[in-house]
Amino acid sequence: MGSSCVVYCACGYVVLITDVAALATGIPMVLDGQFVVSGGTSASAPEFSGLISLINDRRLSAGLSPLGFLNTRLYQLAASHQSEAFYTMATGTSACTSAGTCCPTSTSFPAAEAWDPITGLGSPLWPGLLKYLSSDSQL
């Protein structure tokens, strides 16, 4: 989601460096007229976009402009109110993919408090995003 960089892992697969991550598993969708259950980036990107759309709706109702380019605000928000706006993973690595392909830990990215290459700033927390992005006050 929100990839800003592509890195090639020493074990040969592409790793996208993300700005935010969202848990999306078992998400019902309609694909080519058929009901399917999906997950991963295909579900988490629209899930996060939906949160931002709801915030923009609040902003427009209050006479404010939509957020527009979001990255600057997200990183400012994380710098000042990380724990209110994002859930971060502090342990683990990107050594294994969801398909079960694993690399040595020495060639993977570690999880960390605040920003890391696995989850970016972390998973969005609705109350914090709403509180700090629905107005133009300083973060």
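Author: Read along the sequence, the protein follows the pattern β-β-β-β-α-α-β-β-α, which amounts to three helices and six strands. Please keep in mind throughout that this is a predicted model.

Reader: What is the predictor's confidence in the protein, and which elements have the lowest and the highest mean pLDDT?

Author: The average pLDDT of the protein is 80, and 81% of the residues score at least 70. Among the elements, strand β1 (residues 5–8) has the lowest mean, 46, whereas α3 has the highest, 96. Residues 1–8 have a pLDDT below 50, although this stretch has 29 contacts in the model beyond near neighbours in sequence.

Reader: Why is Arg 59 called buried?

Author: Buried means under 20% relative accessible area, and Arg 59 has a relative accessible area of 2%, so the label applies. Arg 59 lies in helix α1, and, not counting residues up to four places away in sequence, Arg 59 touches Leu 64, Ser 65, Pro 66, Leu 67, Arg 73, Leu 133, Ser 134, Ser 135 and Asp 136.

Reader: Which other residues of α1 are buried, and what covers them?

Author: Besides Arg 59, the buried residues of α1 are Ala 43, Ser 44, Phe 48, Leu 51, Ile 52, Ile 55 and Asn 56. Their cover includes β3, β4, α2, β6 (123–124) and α3.

Reader: How do you know that the span of α1 is close to the expected one?

Author: Helix α1 has 21 residues, and from its first C-alpha to its last it reaches 30 Å, which is close to the 30 Å expected at 1.5 Å a residue. Just after α1, Gly 63 takes a positive phi of about 80°.

Reader: What makes the phi of Asp 32 worth a remark, and is Asp 32 buried or exposed?

Author: Most residues other than glycine have a negative phi. The phi of Asp 32, however, is near 50°, a positive value in a residue other than glycine. Asp 32 lies in the loop between β3 (25–31) and β4 (34–39), and because exposed means over 50%, its 74% relative accessibility places Asp 32 in the exposed class.

Reader: Why is Ser 123 called partly exposed?

Author: The partly exposed class lies between the buried limit of 20% and the exposed limit of 50%, and Ser 123, with a relative accessible area of 22%, therefore belongs to it. Ser 123 lies in strand β6, and, leaving aside neighbours within four places in sequence, it is in contact with Ala 21, Ala 22, Leu 23, Ala 85, Phe 86 and Tyr 87. The C-alpha atoms of Ser 123 and Ala 85 are separated by 8.3 Å, the two residues being 38 apart along the chain.

Reader: How do you know that the side chain of Ser 123 makes a polar contact with Ala 21?

Author: The side chain of Ser 123 reaches the backbone oxygen of Ala 21 at 3.2 Å, and the cut-off for a polar contact is 3.5 Å, so this pair is within it.

Reader: Which residues have the most contacts inside the largest nonpolar core?

Author: They are Phe 48, Leu 74, Phe 86, Leu 129 and Leu 133, in a core of 17 residues. The elements giving two or more residues to this core are α1 (41–61), α2 (71–85) and α3 (126–133). Leaving aside neighbours within four places in sequence, Leu 74 is in contact with Val 20, Phe 48, Phe 86, Leu 121 and Leu 133.

Terms used:
Residues are numbered from 1 along each chain as its sequence is written. Side-chain values use heavy atoms; hydrogens and water are left out. A nonpolar core is a set of buried Ala, Val, Leu, Ile, Met, Phe, Trp, Tyr and Cys residues joined through side-chain atoms within 4.5 Å. Buried means under 20% relative accessible area, exposed over 50%, partly exposed in between (1.4 Å probe, protein chains only). Helices (H or I, at least four residues) and strands (E, at least two) are DSSP runs, numbered from the N terminus. Contact means heavy atoms within 4.5 Å. The expected span of a helix is 1.5 Å times one less than its number of residues. pLDDT is the predictor's confidence in each residue, from 0 to 100. A polar contact is a pair of N or O atoms within 3.5 Å; within protein, one must be able to donate a hydrogen and the other to accept it, and residues adjacent in sequence count only if both atoms are side-chain atoms.
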